[in-house]
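I am opening a notebook on a structure that is new to me. The entries below follow the order in which I looked things up.

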Amino acid sequence: MTQSSGSGGNLHHHGLCCLSAAALPAPDAPPTPAPEPEAGAGAGAAVAVAVAGVLHKWTNYGRGWRERWFSLHDGVLSYSKIRSGAAGAECDGEGGGEVRLIGGASSRIGGERRPQKPVGVIFLKVSSFRESKSDDRRFYIFSPTKTLHLKTDSKDDRVAWIEALILARSFYSLRSLSGRITFVQSDVSVSTDRLRNRMQQEGLNGSLIQECEQIMLSEFSSYRKQLKLCYEDHLSLFGSCRHHFEEGKDASIIQGALTRNDFSSSRHGNFSEYSTTESDEFEKQDGGELTCEDESTFFDAADYFIESNKSSAMLSSINCGEGILDNQMQDSSPLQIKRRSKLPEPTEKERGISLWSIIKDSVGKDLTRVCLPVYFNEPLSSLQKCFEDLEYSHLLDQAYQYGKVGNGLMRILKVAAFAVSGYASSVARPCKPFNPLLGETYEADFPERGVRFFAEKVSHHPMLIACHCEGKGWKFWGDSNLKSKFWGQSIQVDPVGVLTVEFDDGEIFQWSKVTTTIHNLILGKLYCSHHGTMHIKGNRQYSCKLKFKEPSLLDRNPHLVQGFVEDNDGNKASFFIGKWDENMYYSNLDTSKVKSVDQLKGASLLWEKNKPSLNPTRYNLSSFAITLNELSPELQDKLPPTDSRLRPDQRHLENGEYEKANTEKLRLERRQRMSSKLQDNGWKPRWFQQDSQDGTYRFKGGYWEAREQGQWDGCLDIFGEFSET
């Protein structure tokens with residue numbers, strides 16, 4: 001076996017690439033059996049690129065860049081901590097063989113410090129790497145589960161590491177390809193005895209028999225020549241692959257060559273790429289979305305790529321048609337309705353307020369009874385916030401489709417993802433929605449989403465909001481009573497009520513929301529947290545349980561949600577993990593002891609949060625929330641006088657008319673005090689009625705018909721002037 005040196009390390013080429021044409025048997029020579037491979041040859045070939053050294057790895061904002069010992073061996077990049085202690089053999093490469101050190105800092109490892117056991121591994125076969133264009137010492141490695149942000153001591157060290165990564169992965173790919181293509185040499189000798197005997201039985205003369213034997217041997221020799229040419233073509237192909245890999249060219253060159261020769265390397269996927277540049281979007285986020293390392297977690301290569309037959313069968317059952325259904329439901333609506341993408345520019349400059357004067361009089365009181373200035377509000381009502389929870393209604397569309405094809409497990413997984421997705425828009429929302437007036441309503445007709453929503457405030461004390469939504473094969477309804485306490489530094493909100501999803505085939509799921517706490521009202525950065533246990537109960541085969549983790553001061557992984565799906569017999573069928581403000585995944589592996597999805601093998605995405613608005617507001621509204629209070633002249637003519645979009649204080653606040661908004665809010669709150677008398681006099685909701693059995697409010701219909709006819713007789717002008725007499 002020959003050996004050539006590359007700039008990134010010693011590369012031992014595959015044996016097929018080093019055979020010469022002279023080593024092939026002559027066309028007319030008798031074939032010989034292929035020699036048996038020597039013991040240990042495979043191991044020797046595996047030591048293709050073995051390099052090691054110190055790299056600076058970003059851990060988190062608290063700890064910053066930390067030195068880690070990286071070792072690249074046989075297509076696997078591992079990294080470990082560096083501890084103090086006597087020098088040992090650990091800094092020698094794994095598996096024996098010569099190891100080339102990169103960087104001057106690596107020489108320290110052989111002295112006072114040595115690396116610990118690996119805390120993470122990256123398989124180059126399913127990874128890609130890029131250089132930073134803003135820092136000539138930084139580069140990134142992307143794997144399916146994590147992103148490593150790395151930095152070298154010098155520009156030359158980064159060049160050496162990139163070359164080593166290219167050579168390591170190219171050798172791995174070349175070895176994988178060559179292992180799939182085999183060339184069989186036949187050692188069967190050709191005999192003409194049977195042909196000669198048969199001709200003699202027919203009475204042919206000896207000269208004719210000898211001529212026939214020569215014809216047969218000539219044809220066989222021609223066949224062997226063609227076989228040799230084919231064999232040489234294969235060797236030439238592998239030689240060109242090796243040349244391109246050594247020059248660091250893109251793997252697509254080899255992929256194209258293999259395709260032309262009816263070979264493919266389909267297992268390399270989207271992660272088999274290398275680029276010296278990166279997108280502007282990634283560079284802007286450079287150092288922002290960084291993955292914290294889990295020092296105690298190490299997955300072996302065998303565990304990463306191999307699963308039990310039982311687990312594979314279960315995952316295959318769950319994934320039945322998932323990608324097809326999800327893609328169909330995402331793009332199924334042909335309607336394109338243009339909605340606004342930003343709020344109006346404010347006409348006034350916002351004025352400061354005295355927070356302490358409000359706090360000292362409000363501690364321990366129910367927040368629904370506290371009159372706060374309009375500056376604490378966002379230009380949305382609680383009725384509109386109910387519809388904001390349906391931003392990801394396509395998850396229910398997908399759940400309906402899964403149920404139609406008999407996949408009940410995927411149906412409840414999508415329902416659970418929908419229940420979590422309603423919290424995604426609450427991140428960094430510093431203001432509270434407007435408390436609706438008694439009888440206030442809100443409608444939302446989104447044909448491009450296939451949903452039609454309606455909500456009404458049905459009770460003043462206790463404050464109850466009822467809503468109803470119709471989608472593609474499902475209905476969603478519920479009522480909500482928010483019990484809140486204001487404790488000075490925080491607000492705790494406990495939702496009371498049941499939310500229900502019913503599919504057209506009769507399957508029903510019900511759940512209640514978890515507790516929400518708004519922290520740091522006085523000191524520190526304002527943020528909210530959701531914590532508690534959510535039980536989603538189904539009336540058929542499956543139910544599920546989701547645990548929203550309560551935040552703590554030392555929490556390195558906030559907003560975590562974990563849970564599981566179980567059948568009627570109590571058997572756990574699937575597991576959840578994710579964050580309520582980012583995404584949710586499911587897996588057939590237990591997630592109860594896993595701290596993040598990065599530590600989980602084979603997890604599949606259920607839901608992911610939409611990108612933030614391109615036109616951010618001080619209220620931090622999402623792109624979907626910005627559209628909820630939009631009021632066009634055509635729509636205004638169709639709305640009842642009770643719709644939230646006609647509320648004057650909310651409209652003034654959206655327009656940035658803060659003085660007018662505050663004046664109108666105080667006026668409407670005085671009118672709101674009349675609601676108790678109105679309710680005591682037997683007032684009843686117009687569009688909802690209370691169920692006599694469970695006490696929940698159900699939509700009784702008639703609203704959309706009245707809207708079509710423009711008949712709003714009996715609807716009170718709740719936003720107009722009033723007389724206390």
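**Entry 1: a lysine and its partner**

I began with Lys665, which counts as buried because its relative accessibility is 7%, below the 20% cut-off. I keep in mind that this is a predicted model. I then looked up Glu669, which at 18% relative accessibility counts as buried. The side chains of Glu669 and Lys665 meet in a salt bridge, with 2.5 Å from N to O. Both sit in helix 17 (residues 658–672), four residues apart, so about one helical turn separates Glu669 and Lys665.

**Entry 2: other salt bridges**

How many salt bridges does a search of the whole structure find? I noted 20 salt bridges. Side chains of opposite charge can pair when their charged atoms come close.

I looked up Arg429 and Glu378, whose side chains form a salt bridge at 3.1 Å, N to O. This pair links distant parts of the chain: Arg429 is in the loop between helix 13 (408–421) and strand 13 (432–434), while Glu378 is in strand 12 (residues 377–381), 51 residues apart. Arg429 and Glu378 are both buried.

Next I looked up Glu507 and Arg411, which meet in a salt bridge at 2.9 Å, N to O. Glu507 is in the loop between strand 19 (499–503) and strand 20 (508–511), and Arg411 is in helix 13, so this pair ties together parts 96 residues apart in sequence. I wrote down that Glu507 and Arg411 are buried.

**Entry 3: the nonpolar cores**

Which residues touch the most other members of the largest nonpolar core? I listed Phe387, Phe453, Phe476, Trp511, Ile536 and Leu546, out of 71 residues in that core. Helix 13 gives the most to this core, with 10 residues.

Leaving aside residues up to four places away in sequence, Phe387 touches Tyr442, Ala444, Phe446, Val451, Phe453, Phe624 and Leu628. I also found a second, separate core of 22 residues, and Ile102, Ile122, Phe139 and Trp161 are among them.

**Entry 4: aromatic rings**

I counted 24 aromatic pairs. One of them is Tyr140 with Phe142, a tilted pair with 6.4 Å centre to centre and 40 degrees between the planes. Tyr140 and Phe142 are buried.

I then returned to Phe387. Phe387 is in helix 11 (residues 382–388) and Phe446 is in strand 14 (residues 441–446), so far as I read the elements, and the pair links distant parts of the chain, 59 residues apart. Both Phe387 and Phe446 are buried.

I noted one aromatic cluster as well, formed by Phe454, Trp687, Phe688, Phe699, Tyr703, Trp704 and Trp712.

**Entry 5: an arginine in helix 19**

Is Arg707 buried or exposed? Arg707 has 17% relative accessibility and therefore counts as buried. I placed Arg707 in helix 19 (residues 703–709). Not counting residues up to four places away in sequence, Arg707 touches Glu443, Leu635, Lys638 and Trp712. Arg707 and Lys638 are 69 residues apart in sequence, and their C-alpha atoms are 6.3 Å apart in space.

Last, I looked up a nonpolar surface patch of about 430 Å², made by Val190, Leu217, Phe220, Tyr223 and Leu227. Leu227 lies in helix 4 (residues 206–246). With a relative accessible area of 42%, Leu227 is partly exposed.

Notes
Residues numbered from 1 in each chain as written. Predicted model: local features only at pLDDT ≥ 70, side-chain atom pairs only at ≥ 80, totals over all residues. Heavy atoms only, no water. Salt bridge = Lys/Arg side-chain N within 4 Å of Asp/Glu carboxyl O. Helix = DSSP H or I, 4+ residues; strand = E, 2+ residues; numbered from the N terminus. Buried < 20%, exposed > 50% of the residue type's maximum accessible area, 1.4 Å probe, protein only. Patch = residues over 30% accessible without salt bridge, like charges linked within 9 Å, V, L, I, M, F, W, Y side chains within 5 Å. Areas by Shrake-Rupley, 256 points an atom, 1.4 Å probe, with all protein chains shown as cover. Core = buried A, V, L, I, M, F, W, Y, C linked by side-chain atoms within 4.5 Å. Contact = heavy atoms within 4.5 Å. Phe/Tyr/Trp six-rings, centres within 6.5 Å; stacked < 30°, edge-to-face > 60°.
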